[in-house]
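Have the viewer open as you read.

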Amino acid sequence: MSDLAIAAPVRAKRLPRQPRFAVRRLLPWLVPVLLLLAWEALARFGKIPPYILPAPTKVMLTGVALVQDGTLIPDIGISLLRAASGFAIGGAIGFGLGVAVGFSRTAGLLLDRTVLMLRAIPFLAVLPLVIVWLGIGEGAKIFLVAFGVTFPIYMNTVLGIRQVDPKLVELGKVTGLSTWMLIRRIILPGALPSILNGVRYALATAWLALVVAETIAASSGIGFLAMDAREFLRTDVIVLVIVIYAAIGVAADSVARLLERRLLAWHPNYAGETRR
Amino acid sequence: MTEAVTVRGLRRAYGDRVVIRSLDLHIERGEFVVLLGESGCGKTTLLRALAGLDPIDGGRIDGPPRPAVVFQEHRLLPWDPLWRNVSLGLSEKDSRQLAGAALAEVGLGDRLDDWPRNLSGGQAQRVALARALVQQPQLLLLDEPFAALDALTRIKMQSLVKALVRKHQPGVLLVTHDVDEAITLGDRALVMREGAIARTYAISAAANGHRSHPEAIELRDRLLADLGVGADA
């Protein structure tokens, strides 16, 4: 999960000696493939009991079976919906507060300390309280996701707005831009790289919040699927859920990365081919 | 001729420190005025006051509420293609056409959709000039716009500015450290000292024309002496 949060904005310099293209593309995959093959072999030949770790092929087949009997897809849908709602709510709050604090000194004095105090709470620590308040229904999960998302978005929005080059703001004033146009043409575009960085970080947080919330208290969703499977020692289903969580996390990060590349086409660090 | 700006009794102070004391200045449209002075004499403060960027503490400025400014740095918005940069302050529907025409005037008419990061320093400064001229300003303020350019680019930029000023006829106030630049471009040179205009020189077309013209040589010596650099330096 942690690698989702790491941006790689700096284009690497071309090294004098570069391995050939095919080698460069394939070599990073060698170790994962070998590990997978080893896992498969060890499970097949009974060196690892299936209740500890089933073979990868078995996990795949379980996945196919769960799709066919119509339980997996709705559960994934419910989980995604929770993550999306929580992200939208937390993102809107974080962005709104961030814009207010970034622009207005008064708003900064009034709000910044409070938000930073709330941020000091590890967001998972509020889970028991949330369950008391909202039970184990949808509200609790959405609340937890929103709570986790608010702060990275808030901090990066404030930072981005404060980092906008004051010389460009001055230019905007000389050019006679209205306050609204100044915000739209100069301040928000200038803050966008930082805001998008916050979005990427928040996506990882949202996903983590969802996994925890669904694992501890849920009656649907893929986290519930895994906990339910635990009761029956269905290790294959548990592994499948872990893989799905990972896959969706990677997919979300790719979307964020695509967004960066589209919106920051002007930025030298994101221009053209970006290296991971 | 109509006036571009008139300043009477301008005063500007930061706390106890008076930066501009009772300054008078008049610039006609089409007139190219160059402002010289040692660092800290108040040149930039005057320009910022004329640009409306800083408040004034006394006197009055009768001029356009919004003169066009070209700064030492190009200050292009890196997230906007060139035509969006040039049309920044325009509200007209055909702002792309206007920006295109302005870019063509500075020799970048084929780069409308290019990004600022693909420009050289001189090109970027030409875009900044186009952005200033597209407003059809009554008064054009130039704050050492050539200072960061290499020598050859600077010479080209100077003749471009001169040609475009002749065409659009704004009143120009150019702040510079470069005495030769002042003699080449200016109709009038002002030497500022301790917050006031200490000397004024008219510059003839002959002196504009060639740096080895006797008038140009004489003026250079006098300006250098005014700026505290000996004539033999």
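1. Starting with burial: 34% of the 276 residues of chain A count as buried. Keep in mind that this is a predicted model. The C-alpha atoms of chain A fill a box of roughly 75 × 60 × 30 Å along the principal axes.

2. Looking at contacts in chain A between residues at least 6 apart in sequence, 73% link residues at least 24 apart.

3. One helix pair to look at is H8 (residues 179–216) and H10 (residues 235–263) of chain A, whose axes come within 10 Å and cross at roughly 170°. Angles over 145 degrees count as roughly antiparallel, and H8(A) and H10(A) are therefore roughly antiparallel to each other. On the H8(A) side, the contact residues include Leu192(A), Leu196(A), Arg200(A) and Trp207(A); from H10(A), Tyr245(A), Gly249(A), Asp253(A) and Glu260(A) are among them. By class, this contact of H8(A) with H10(A) has eleven nonpolar, one polar and three charged residues.

4. Over in chain B, the domain assignment gives domain 1 (1–67 + 138–233) and domain 2 (77–136). Their centres, taken over C-alpha atoms, are 25 Å apart.

5. What does each domain of chain B bring to the contact? Ten residues come from domain 1 of chain B and ten residues from domain 2 of chain B. On the domain 1 side, helix H5 (residues 151–168) of chain B supplies the largest share, six residues. That side of domain 1 has eight nonpolar, two polar and no charged residues.

Note on methods:
Residues are numbered from 1 along each chain as its sequence is written. Chains are lettered from A and ligands numbered from 1 in the order in which they are written. This is a predicted model: local features need pLDDT of at least 70, side-chain atom pairs count only at pLDDT 80 or more; totals for chains, interfaces and linings use all residues. Axes are lines fitted to C-alpha atoms, for helices over the stretch in contact, and angles run from 0 to 180 degrees between N-to-C directions. Helices (H or I, at least four residues) and strands (E, at least two) are DSSP runs, numbered from the N terminus. Angles under 35 degrees count as roughly parallel, over 145 as roughly antiparallel, 65 to 115 as roughly perpendicular and the rest as oblique. Two residues are in contact if their C-beta atoms, placed from the backbone, lie within 7 Å. Ala, Val, Leu, Ile, Met, Phe, Trp, Tyr, Cys and Pro count as nonpolar, Asp, Glu, Lys and Arg as charged, and the others, Gly among them, as polar. A residue is buried if 20 or more other C-beta atoms lie within 10 Å of its own, exposed if 12 or fewer, and partly exposed in between; C-beta atoms are placed from the backbone. Domain bounds come from an automatic or database domain assignment.
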